[in-house]
Amino acid sequence: MSQEQWSAVDAYLCDSLIPEDSVLSDALRASDQAGLPQINVAPNLGKLLHLLAQIQGARRILEVGTLGGYSTIWLARALPKDGHLITLEYSPEHAAVAKANIARAGLSALVDIRVGLAVDSLAQIAQEGLAPFDFIFIDADKPSNPYYLEWSLKLARVGTIIVVDNVVRDGEVVDAHTTDEKIQGARAAVAFVATHPRLSATAIQTVGSKGYDGFLLATVVS
């Protein structure tokens, strides 16, 4: 099977199950025009995050890695009117694009964008007493996955759902001798979750418009 076929199937499924949404389309267009890398989640993964947060009944969501705010919009739309989402972005330029996209989506009252090193922001969130979060999505610099997972547990409760994106990396995650830091980060995420007594998890391989990758899904059990 080819990338062309994967993309065609994704297009069919998205056209069938995810109605055209001008707000989300505009968010992607604005991100492209601002020169942001095209590494946002695919629409069907965005919808999956939305559904998972809804199923969870999430009232507080933490996102590590904002980019242009595309996944942020999907997640924030799953919140009740008194819900709250904190999203962390290292780049001020990316955060500015995300802020405009989130405002255009009418979600500014629900979303708090924090700019800077995520580890610093996570420590600040803990100091402010904003935990626990019901749902956590990690999609930032891959070498830092273990730090983000450590902090996620500190900011979680029993039953919190944690999703880590990009853990398959074109299948290269099986290479124990890789020198690629992103693949090392994916392996570190899997190893962290596999050995942590507070987590129960699985991981799913995916193919589609974004190529061959996958995500890790965990829940906090104690």
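Trainee: Where is the place of glutamate 181?

Mentor: Glutamate 181 sits in helix H8, which covers residues 181-195. Helices here are DSSP runs of H or I with at least four residues, strands are runs of E with at least two, and both are numbered from the N terminus. This is a predicted model, where local features need pLDDT of at least 70, side-chain atom pairs count only at pLDDT 80 or more, and totals for chains, interfaces and linings use all residues. Residues are numbered from 1 along each chain as its sequence is written, and side-chain values use heavy atoms, with hydrogens and water left out.

Trainee: Why is glutamate 181 called exposed?

Mentor: Its relative accessible area is 53%. Exposed means over 50%, buried means under 20%, and partly exposed lies in between (1.4 Å probe, protein chains only). Glutamate 181 has 53%, so it counts as exposed.

Trainee: Which residues form the negative surface patch?

Mentor: Asp170, Glu172, Asp180 and Glu181 form it. Patch residues have over 30% relative accessible area and no salt bridge; like charges are joined within 9 Å, and nonpolar side chains (Val, Leu, Ile, Met, Phe, Trp, Tyr) within 5 Å. Asp and Glu count as negative, Lys and Arg as positive, while His and the chain ends are not counted. The patch holds Asp and Glu residues, so it is called negative.

Trainee: What makes aspartate 170 exposed?

Mentor: Aspartate 170 has a relative accessible area of 54%, so it counts as exposed. Aspartate 170 lies in the loop between S5 and H8. Its phi is near 60°, a positive value in a residue other than glycine. Arginine 169 is in the loop between strand S5 (156-165) and H8. Arginine 169 also has a positive phi, about 55°, although it is not a glycine.

Trainee: What kind of peptide bond joins alanine 131 and proline 132?

Mentor: It is a cis bond, with omega about 5°. Proline 132 is found in the loop between helix H6 (118-128) and strand S4 (133-138).

Trainee: How do you know that arginine 77 forms a salt bridge with aspartate 21?

Mentor: Their closest N and O atoms are 2.5 Å apart. A salt bridge is a side-chain nitrogen of Lys or Arg within 4 Å of a carboxyl oxygen of Asp or Glu. The 2.5 Å distance is within 4 Å, so the pair counts. The pair links distant parts of the chain, 56 residues apart. Arginine 77 is in the loop between helix H4 (70-76) and strand S2 (84-89), and aspartate 21 in the loop between helix H1 (3-17) and helix H2 (22-33).

Trainee: Why is arginine 77 called partly exposed?

Mentor: Its relative accessible area is 29%. That lies between 20% and 50%, so arginine 77 is partly exposed.

Trainee: How many salt bridges does this rule give?

Mentor: The count comes to seven. One of them joins aspartate 134 and arginine 157, at 2.9 Å from N to O. Aspartate 134 lies in strand S4 and arginine 157 in strand S5, so this pair ties together parts 23 residues apart in sequence. Aspartate 134 is buried at 10%, whereas arginine 157 is partly exposed at 29%.

Trainee: Which residues are linked in a network of salt bridges?

Mentor: Asp112, Arg114 and Glu128 are. Between arginine 114 and aspartate 112, the closest N and O atoms are 2.9 Å apart. Arginine 114 is buried, with 16% relative accessible area. Aspartate 112 has 21%, so it is partly exposed.

Trainee: Which residues make the nonpolar surface patch?

Mentor: Val9, Tyr12, Leu13 and Leu17 make it, over about 400 Å². Accessible areas come from the Shrake-Rupley method with that probe. Valine 9 lies in helix H1.

Trainee: What makes the protein chain as compact as a globular protein of its length?

Mentor: The chain has eight helices and seven strands. Its radius of gyration is 17 Å, close to the 17 Å that the globule rule gives for 222 residues, so it is as compact as a globular protein of that length. The radius is taken over C-alpha atoms, and the rule is 2.2 Å times the number of residues to the power 0.38. Those C-alpha atoms fill a box of roughly 45 × 40 × 30 Å along the principal axes. Buried residues make up 47% of the 222 residues.

Key: Areas by Shrake-Rupley, 256 points an atom, 1.4 Å probe, with all protein chains shown as cover. Charge placed at Lys NZ, Arg CZ, Asp CG, Glu CD.
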